Amino acid sequence: MQPQPHPPGAITDSTRPRTVHGGNAVLTNSVQQANRSGAAITLGLYPSREDWDHARTAAALVSTMHDDIHASELEASILLAAYPDYLRDGWASAEHAATDLRYLTTVGMRAYTSSGVIYPSYATADKATASSMTWGRPRNPSSTS
């Protein structure tokens with residue numbers, strides 16, 4: 001993957017709003033609500049946990065799915081490959097241990113890290129490239145489901 005310039009209207013450090021997006025649970029709930037019986041369209045939500053697991057295996061990531069929850073190895077790798085300028089100064093040393101996540105859904109990321117970053121130092125652009133080879137593909141290429 002070649003680094004890409006910021007697209008027109010992109011959010012940069014100088015224009016980035018300081019808000020909380022609410023987490024992936026909000027997206028999941030929104031898709032479930034939109035797919036109620038009788039809905040005019042059906043929505044999907046990608047990637048699933050299984051899709052991420054497949055990508056993580058293909059990229060030989062060091063961190064576990066449990067530990068790599070936000071702005072860490074996989075997400076930082078994707079940014080390194082696609083938009084390296086999006087990573088703030090000091091990103092590679094912004095390590096925060098977050099192993100006991102039992103209260104994540106009730107207290108949010110700020111309880112675990114002031115920056116929102118967990119384990120970014122393992123990130124490489126090559127890991128993003130390896131993981132991207134799995135995106136949109138079944139785990140077993142001969143599978144039709």
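Contact here means heavy atoms within 4.5 Å. With that in hand, take Thr99: leaving out residues up to four places away in sequence, Thr99 touches His66, Asp67 and Tyr119.

A quick word on the ground rules. This is a predicted model, where local features need pLDDT of at least 70 and side-chain atom pairs count only at pLDDT 80 or more, while totals for chains, interfaces and linings use all residues. Residues are numbered from 1 along each chain as its sequence is written, and side-chain values use heavy atoms, with hydrogens and water left out.

**The overall picture**

The protein chain has 5 helices and 0 strands, so it reads α-α-α-α-α from the N terminus on; helices (H or I, at least four residues) and strands (E, at least two) are DSSP runs, numbered from the N terminus. Of the 145 residues in the protein chain, 26% are buried. Buried means under 20% relative accessible area, exposed means over 50%, and partly exposed is in between (1.4 Å probe, protein chains only). The protein chain exposes about 9,900 Å², and carbon and sulfur atoms supply 56% of that. Those areas come from the Shrake-Rupley method with a 1.4 Å probe, and for residues only the protein chains shown count as cover. Among contacts in the protein chain with a separation of 6 or more, 63% are between residues 24 or more positions apart.

**Helix H3 and what covers it**

Helix H3 spans residues 73–82 and is mostly covered, with 8 of its 10 residues buried. The buried set is Glu73, Leu74, Ala76, Ser77, Ile78, Leu80, Ala81 and Ala82. What do these residues pack against? Their partners are helix H2 (49–58) and helix H5 (125–132).

The H5 side comes with some geometry. The axes of H3 and H5 come within 7 Å and cross at roughly 100°; axes are lines fitted to C-alpha atoms, for helices over the stretch in contact, and angles run from 0 to 180 degrees between N-to-C directions. H3 and H5 are therefore roughly perpendicular to each other. On the angle scale, under 35 degrees counts as roughly parallel, over 145 as roughly antiparallel, 65 to 115 as roughly perpendicular and the rest as oblique. From H3, Glu73, Leu74, Ser77, Ile78, Leu80 and Ala81 meet Ala125, Lys127, Ala128 and Ser131 of H5.

Glu73 sits in helix H3 and counts as buried because its relative accessibility is 0%.

A polar atom of the Ser131 side chain lies 3.0 Å from the backbone oxygen of Ala128. Beyond four places in sequence, Ser131 is in contact with Ala55, Ala59 and Leu74.

**Out in the open**

Here are some residues with higher accessibility values than the cut-off for buried.

| Residue | Relative accessibility | Class |
|---|---|---|
| Tyr83 | 25% | partly exposed |
| Thr99 | 53% | exposed |
| Ala60 | 57% | exposed |
| Thr105 | 77% | exposed |

Ala60 is in the loop between H2 and H3. Its phi is near 55°, a positive value in a residue other than glycine.

Thr99 belongs to the loop between H3 and helix H4 (104–107). Thr99 and Ile118 are 19 residues apart in sequence and 9.9 Å apart in space, C-alpha to C-alpha.

As for aromatics, the structure holds 1 aromatic pair. The rings of Tyr83 and Tyr86 have centres 4.9 Å apart and planes at 15°, so the pair is stacked. Rings of Phe, Tyr and Trp (its six-membered ring) pair if their centres lie within 6.5 Å, and planes under 30 degrees apart count as stacked, over 60 as edge-to-face and the rest as tilted.

Key
A polar contact is a pair of N or O atoms within 3.5 Å; within protein, one must be able to donate a hydrogen and the other to accept it, and residues adjacent in sequence count only if both atoms are side-chain atoms.
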